[in-house]
Amino acid sequence: MKDCLFCKIIAGEIPGNKVFENDKVFAFRDINPQAPVHGLIVPKKHMDNILQCDAETAAALTEAVGEVARLEGVDESGFRVISNCGRDGAQSVNHLHVHLLGGVQLTEKMN
């Protein structure tokens, strides 16, 4: 989509602090981190949210989560993965993405 922020980052039209990339996904650091490690993992194929996610994309995102966790050094200490969906779910960019949060002891509180 031509007006999608994440599509523009993937295309290199807007800078992104890339952590990982393969043919299906692009991962970069969040510009407003909520934890010492806060990555965003997005499919290269635009889809608005997790409700549009197919099995192939879900598998690619899951594999990328493991790779990003390893690259960011939180694969052994632990991390959290979140996908916000829709307005009430606090989704701020309408391009499917998962947040990977770690690098600190997270609380059980989710809001």
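Start with the sheet: five strands form it, open, in the order 1-2-3-5-4, with antiparallel pairing. Strands here are DSSP E runs of at least two residues and helices are H or I runs of at least four, both numbered from the N terminus. Two strands pair if DSSP finds at least two bridges between them. This is a predicted model: local features need pLDDT of at least 70, side-chain atom pairs count only at pLDDT 80 or more, and totals for chains, interfaces and linings use all residues. Residues are numbered from 1 along each chain as its sequence is written, and side-chain values use heavy atoms, with hydrogens and water left out.

**Strands 1 and 2.** Select 25–29 alongside strand 1. Strand 2 runs antiparallel to strand 1, joined by three bridges. The two form a hairpin, with three residues between them. Pick Glu21: its bridge partner in strand 2 is Phe26. Now colour strand 2 by accessibility. Four of its five residues are buried (under 20% relative accessible area; exposed is over 50%, partly exposed in between; 1.4 Å probe, protein chains only).

**Across to strand 3.** Stay on Phe26. Val42 in strand 3 stands opposite Phe26. Strand 2 and strand 3 run antiparallel and share five bridges.

**Strands 4 and 5.** Select 98–102 for strand 5. Four bridges pair strand 5 with strand 4 in the antiparallel sense. Val81 faces Leu100 in strand 5 as its opposite residue.

**The helix on the sheet.** Select 55–71. This is helix 2, packed on the sheet and touching strand 1, strand 2, strand 3 (37–43), strand 4 and strand 5. Contact means heavy atoms within 4.5 Å. The direction of helix 2 makes about 155 degrees with that of strand 3. Axes are lines fitted to C-alpha atoms, for helices over the stretch in contact; angles run from 0 to 180 degrees between N-to-C directions.

**The largest pocket.** Select Asp30, Asn32, Gln34, His38 and His99. Of the 30 lining residues, these lie nearest the centre of the largest pocket. A pocket is an open set of points on a 1 Å grid over the protein atoms alone, where a 1.4 Å probe fits, with protein on both sides within 12 Å along at least five of seven lines; lining residues have an atom within 4 Å of a point. About 670 Å³ of space lies inside. Helix 1 gives the most to the lining, with three residues.

How values were computed:
Grid points are joined across faces, edges and corners, and a volume is the space filled by probe spheres set on the points.
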